[in-house]
Amino acid sequence: MEWRQSWRPWLRLFVMAAAAVVITQEGCVCGGDVTYDGRSLIIKGERRILFSGSIHYPRSTPEMWGSLIGKAKEGGLDVIQTYVFWNLHEPQPGQYNFSGRYDLVKFMKEIQAQGLYACLRIGPFIESEWTYGGFPFWLHDVPDIVYRSDNEPFKFYMQNFTTKIVNMMKSEGLYASQGGPIILSQIENEYQNIEAAFHEKGPAYVRWAAQMAVELQTGVPWVMCKQTDAPDPVINTCNGMRCGQTFGGPNSPNKPSLWTENWTSL
């Protein structure tokens, strides 16, 4: 019971959005049918606790997706979250693959068909115990590239891919702002673990990534996990086993406390 009390307050996850996110004078971040403030995320004026779980579409087959999502729903989940796997979708520069196990649109539509929400963790660096952290290997051959830094070659390809995914979701009407299931998006992934190694180019990259994401106008909020300097209106979230004790909290009084990953091992 003591453990449950420590994690339960942090499961105020995910909201529906219908317009660009702005900060009002009242300290409430609002976007059409979705709002958030320092207390919680709010769907259509109602504060809710939503439980999420991860299903990574390329780690199974399209024939399995319906069953996996259905079992997640039966188990009490409200939200399915997944990373987006850059190296699978863009195996060569400008050459894309969204077929078979890589059919992200079909996966999102299956989530919607079963009445659940989706959280799209674009990254595009995802870690996820995945080869090269999800980066396509051809990035290695780009002249003068420095990964995950305020570096023009890297930012060019990262923005291209992020924009590709966002525009694809928009074209299929998959954001909640369009009536779709995607209620939250993530840019970058646990970057603060290495940010200091890039000196002044680390914080500059964080600011650029946040601005780039928000300017794509998905109509849903963006998060950065384990990123205490996430610029407004991007929400910084906790990844960990004991967020109730270890998370320093949101970096603004206008942001709610969110727990995007609950680790299950010691």
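Helices (H or I, at least four residues) and strands (E, at least two) are DSSP runs, numbered from the N terminus. The model is predicted: local features need pLDDT of at least 70, side-chain atom pairs count only at pLDDT 80 or more, and totals for chains, interfaces and linings use all residues. Residues are numbered from 1 along each chain as its sequence is written, and side-chain values use heavy atoms, with hydrogens and water left out.

The protein chain has seven helices and 12 strands. Of its 266 residues, 53% count as buried; buried means under 20% relative accessible area, exposed over 50%, and partly exposed in between (1.4 Å probe, protein chains only). Contact means heavy atoms within 4.5 Å. Among contacts in the protein chain between residues at least 6 apart in sequence, 66% join residues at least 24 apart.

A nonpolar core is a set of buried Ala, Val, Leu, Ile, Met, Phe, Trp, Tyr and Cys residues joined through side-chain atoms within 4.5 Å. The largest one here has 68 residues, and those with the most contacts inside it are Phe107, Met108, Leu120, Ile165 and Met169. With neighbours within four places in sequence set aside, Ile165 is in contact with Val84, Phe98, Leu104, Leu120 and Ile122.

Next comes the packing of helices. Two packed helices are described by the angle between their axes and the distance between the axes. Axes are lines fitted to C-alpha atoms, for helices over the stretch in contact, and angles run from 0 to 180 degrees between N-to-C directions. Angles under 35 degrees count as roughly parallel, over 145 as roughly antiparallel, 65 to 115 as roughly perpendicular and the rest as oblique. A crossing is left-handed if the near helix is turned anticlockwise from the far one by less than a right angle, and right-handed if clockwise. For residue classes, Ala, Val, Leu, Ile, Met, Phe, Trp, Tyr, Cys and Pro count as nonpolar, Asp, Glu, Lys and Arg as charged, and the others, Gly among them, as polar.

How do helix H4 (residues 104-113) and helix H5 (residues 152-171) cross, and at what angle? Their axes come within 11 Å and cross at roughly 50°, which makes H4 oblique to H5. The crossing in which H4 passes H5 is right-handed. On the H4 side, Leu104, Val105 and Met108 meet Ile165, Met168 and Met169 of H5. By class, this contact of H4 with H5 has six nonpolar, no polar and no charged residues.

H4 also packs with H2, at an angle of about 25° and with the axes 10 Å apart. That angle makes H2 roughly parallel to H4, and H2 passes H4 in a right-handed crossing. Pro62, Trp65, Gly66 and Ile69 of H2 make the contact with Lys106, Phe107, Glu110 and Ile111 of H4. These residues of H2 and H4 divide into five nonpolar, one polar and two charged.

H5 has a further partner in helix H6 (residues 201-214): the axes of H5 and H6 come within 11 Å and cross at roughly 25°. H5 and H6 are therefore roughly parallel to each other, and their crossing is right-handed. Phe154, Lys155, Met158, Gln159 and Thr162 of H5 contact Tyr205, Trp208, Ala209 and Met212 of H6. The residues of this contact of H5 with H6 divide into six nonpolar, two polar and one charged.

Turning to the loops, Pro58 lies between strand E6 (52-54) and helix H2 (62-74). Is Pro58 buried or exposed? Pro58 counts as buried because its relative accessibility is 2%. Not counting residues up to four places away in sequence, Pro58 touches Phe85, Leu88, Arg101 and Tyr102. The C-alpha atoms of Pro58 and Leu104 are separated by 8.8 Å, although these residues are 46 apart along the chain.

Most residues other than glycine have a negative phi, and most peptide bonds are trans. A cis peptide bond joins Gly123 and Pro124, with omega about 5°; Pro124 lies in the loop between strand E8 (117-123) and H5. The peptide bond from Asp232 to Pro233 is also cis, with omega near 5°, and Pro233 lies in the loop between strand E10 (222-225) and strand E11 (235-240).

The loop between E8 and H5 also holds Glu129, which has a positive phi of about 50° although it is not a glycine. Glu129 counts as exposed, at 69% relative accessibility. Tyr132 is placed in the loop between E8 and H5 too, with a positive phi near 60°. At 33% relative accessibility, Tyr132 counts as partly exposed.
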